[in-house]
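Good morning, and thank you for the time.

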Amino acid sequence: MHVQDSRWSSAVASGATMSAVSGGRPDGTRSTPLRVDAQRNLEHVLRAAREVFGELGYGAPMEDVARRARVGVGTVYRRFPSKDVLVRRIAEEETSRLTEQARAALGQEDEPWSALSRFLRTSVASGAGRLLPPQVLRVGVAEERGLPEHARLPQQRTQPAGDLRLVPEERAEDDGGAAELLDVVGQLVERARAAGELQADVSVSDVLLVIATAAPSLPDAAQQAAASARLLDILLEGLRSRPS
């Protein structure tokens, strides 16, 4: 999996400036309805971005997205004033999708292990691991370092990766839905652990790592599905608690 931190704070600033010219909001949305052709181009760009970022990581250039969408790169920039804005849009949509998948597993499976494994299988099958947003994985690192619950929302940084610097709790609305995802996945983990079906040291970040690891990007769709399913079976065996 390729996940690359983006300078999201600068993206918001640049997006606010350029959106005034393009007539949209900094997050790539518009206050007025799009024309039919413009809406079609937007859908092509978003679909292409998911494919390109899923295959190459968030470091892939905008030119690759434009080429995949079969539009000019200027068309992409008119809708998303910087690559960071597009990355945020894709990552937030993926976070929202994962959260809904976790909720569905909680609501539709009575058995704790069935709920957790269903969430993992659904998420891996959808290819979500290739688009996990950077702050979700970095929250996982924070969790492993034993930081308190309220300090698990990392601030994206422009300097090379080093110590994590965390934002205050009141900045939670800026996390792109990461806190909500972690909360719902945390419920799945706690239920499975309380039932004695999950190893005691397995954390939320371990579960997210499984999703990321079991979603390889292979050129053949059938091979990719088979590899993902097999790898997930192996990883699930490693998570599950066995009677001594």
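Let me begin with a term: a residue is called buried under 20% relative accessible area and exposed over 50%, and partly exposed in between. Glu51, with a relative accessible area of 34%, is therefore partly exposed. Please keep in mind throughout that this is a predicted model.

Glu51 has a partner. Its side chain meets that of Arg68 in a salt bridge, at 3.1 Å from N to O. Arg68 belongs to helix α3, residues 62–69, whereas Glu51 belongs to helix α2, so the pair ties together parts that are 17 residues apart in sequence. Arg68 has a relative accessible area of 35%, and so it is partly exposed as well.

In total, the count comes to 13 salt bridges, and I shall pick out a few others.

I turn now to the packing of two helices. In general, such a pair is described by the angle between the axes and the distance between them. Here the helices are α2, residues 36–56, and α5, residues 83–108; their axes come within 10 Å and cross at roughly 85 degrees. That angle makes α2 roughly perpendicular to α5.

Which residues make this contact? From α2 come Leu46, Ala49, Arg50 and Phe53, and from α5 they meet Leu86, Val87, Arg89, Ile90 and Glu93. Sorted by class, the contact has six nonpolar residues, three charged residues and no polar ones.

The charged residues bring us back to salt bridges. Arg50, Arg89 and Glu93 are linked with one another in a salt-bridge network. Arg50 is one of the α2 residues in the contact, and Arg89 and Glu93 are among those from α5.

To close, I would draw your attention again to the crossing of α2 and α5 at roughly 85 degrees, and to the network of Arg50, Arg89 and Glu93. Thank you.

Key. Residues numbered from 1 in each chain as written. Predicted model: local features only at pLDDT ≥ 70, side-chain atom pairs only at ≥ 80, totals over all residues. Heavy atoms only, no water. Axes fitted to C-alpha atoms, helices over the stretch in contact; angles between N-to-C directions. Helix = DSSP H or I, 4+ residues; strand = E, 2+ residues; numbered from the N terminus. Parallel < 35°, antiparallel > 145°, perpendicular 65-115°, else oblique. Contact = heavy atoms within 4.5 Å. Nonpolar A, V, L, I, M, F, W, Y, C, P; charged D, E, K, R; others polar. Salt bridge = Lys/Arg side-chain N within 4 Å of Asp/Glu carboxyl O. Buried < 20%, exposed > 50% of the residue type's maximum accessible area, 1.4 Å probe, protein only.
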